[in-house]
Amino acid sequence: MKFFIDTASLDQIKEAKDLGILDGVTTNPSLMAKEGISGDKNVMEHYRAICEIVDGDVSAEVISTDFKGMVEEGERLSDLAPNIVVKIPMIKDGIKAMSYFTDRGIRTNCTLVFSAGQAIIAAKAGATYLSPFIGRIDDISWDGVELIKDIAEIYAIQGFDTQILAASIRNAKHIVDSARAGADVVTCPLSAILGLLKHPLTDIGLEQFLADHKKVNELLLK
Ligand code: G3P
């Protein structure tokens, strides 16, 4: 399973990269806004900066909602760096745009996915990645991980190549559950990635090891 970080923060991207486990980055207009990045030129420059940090895939989202606009924006984004993946919303013109990019060898990430039906049509359009938003599904008292399982089963039966990218991850449990459910990729906030490291028994155990080591060494010095 690949690990992507879901942020536009260059500091967080660098921190995750330093762990040696980072396979890519996903962003969206809200994450860009959170970093205070606005205006076409600044947005493009920011994507270029992200691509300089990571070798893996970087999803850059279009703002347009019509076919012509998505194509024009997607082509400009894709020209920025070879690791850019054009992120396109799950709407009718988005499907047209994904088919267009698939025919031209430009990779896409279909975003804002909340159902198995949407997963099927995105795969038919040749999406490279499919982003079901599991946290937002949980927020409305449905089960986001169940959707990942469902899509993984359908894609396996049908032999679709589209990679399932579990998005809207809120915590470490979402990552573990997505791995078990068959996600090919998880895109996570840094806090959820770091949450994977945490266990109170690890902290207690380490504290004990170091205390015992210190005790023996102090006795030797006497
Ligand atoms: O990648 C999509 C993701 O950023 C959405 O996450 O936490 O805004 O639901 P969230």
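**Exercise 1.** Which residues are around the ligand?

*Solution.* This is a predicted model. Start with the shell. The residues around the ligand are Asp6, Asn28, Lys87, Phe133, Arg136, Ala167, Ser168 and Arg170. Next, sort them by class. The shell has 4 charged, 2 polar and 2 nonpolar residues.

**Exercise 2.** Find side chains with a polar atom within 3.5 Å of a ligand oxygen.

*Solution.* Take aspartate 6. One of its polar side-chain atoms lies 2.5 Å from an oxygen atom of the ligand. Move to serine 168. An N or O atom in its side chain is 2.7 Å from a ligand oxygen. Then check arginine 170. Its side chain also has an N or O atom 2.7 Å from an oxygen atom of the ligand. Now look at cover. On its own, the ligand has 310 Å² of accessible area, and the protein covers 82% of that.

**Exercise 3.** Where does the ligand sit?

*Solution.* Look at the pockets. The ligand sits in the largest pocket.

**Exercise 4.** How many salt bridges does the structure hold, and what does the pair of aspartate 40 and arginine 76 tie together?

*Solution.* Begin with the count. The structure holds 10 salt bridges. One of them joins aspartate 40 to arginine 76, with the closest N and O atoms 3.0 Å apart. Now place both ends. Aspartate 40 is in helix α3 (residues 40-53) and arginine 76 is in helix α4 (residues 67-80), so the pair ties together parts 36 residues apart in sequence.

Technical notes: Residues are numbered from 1 along each chain as its sequence is written. This is a predicted model: local features need pLDDT of at least 70, side-chain atom pairs count only at pLDDT 80 or more; totals for chains, interfaces and linings use all residues. Side-chain values use heavy atoms; hydrogens and water are left out. A residue is near a molecule or strand if one of its heavy atoms lies within 4 Å of it. A polar contact is a pair of N or O atoms within 3.5 Å; within protein, one must be able to donate a hydrogen and the other to accept it, and residues adjacent in sequence count only if both atoms are side-chain atoms. Accessible areas come from the Shrake-Rupley method with a 1.4 Å probe; for residues, only the protein chains shown count as cover. On a 1 Å grid over the protein atoms alone, a cavity is a set of points where a 1.4 Å probe fits but cannot get out, and a pocket is an open set with protein on both sides within 12 Å along at least five of seven lines; lining residues have an atom within 4 Å of a point. A molecule sits in a cavity or pocket if more than half of its atoms lie within 2 Å of its grid points. Ala, Val, Leu, Ile, Met, Phe, Trp, Tyr, Cys and Pro count as nonpolar, Asp, Glu, Lys and Arg as charged, and the others, Gly among them, as polar. A salt bridge is a side-chain nitrogen of Lys or Arg within 4 Å of a carboxyl oxygen of Asp or Glu. Helices (H or I, at least four residues) and strands (E, at least two) are DSSP runs, numbered from the N terminus.
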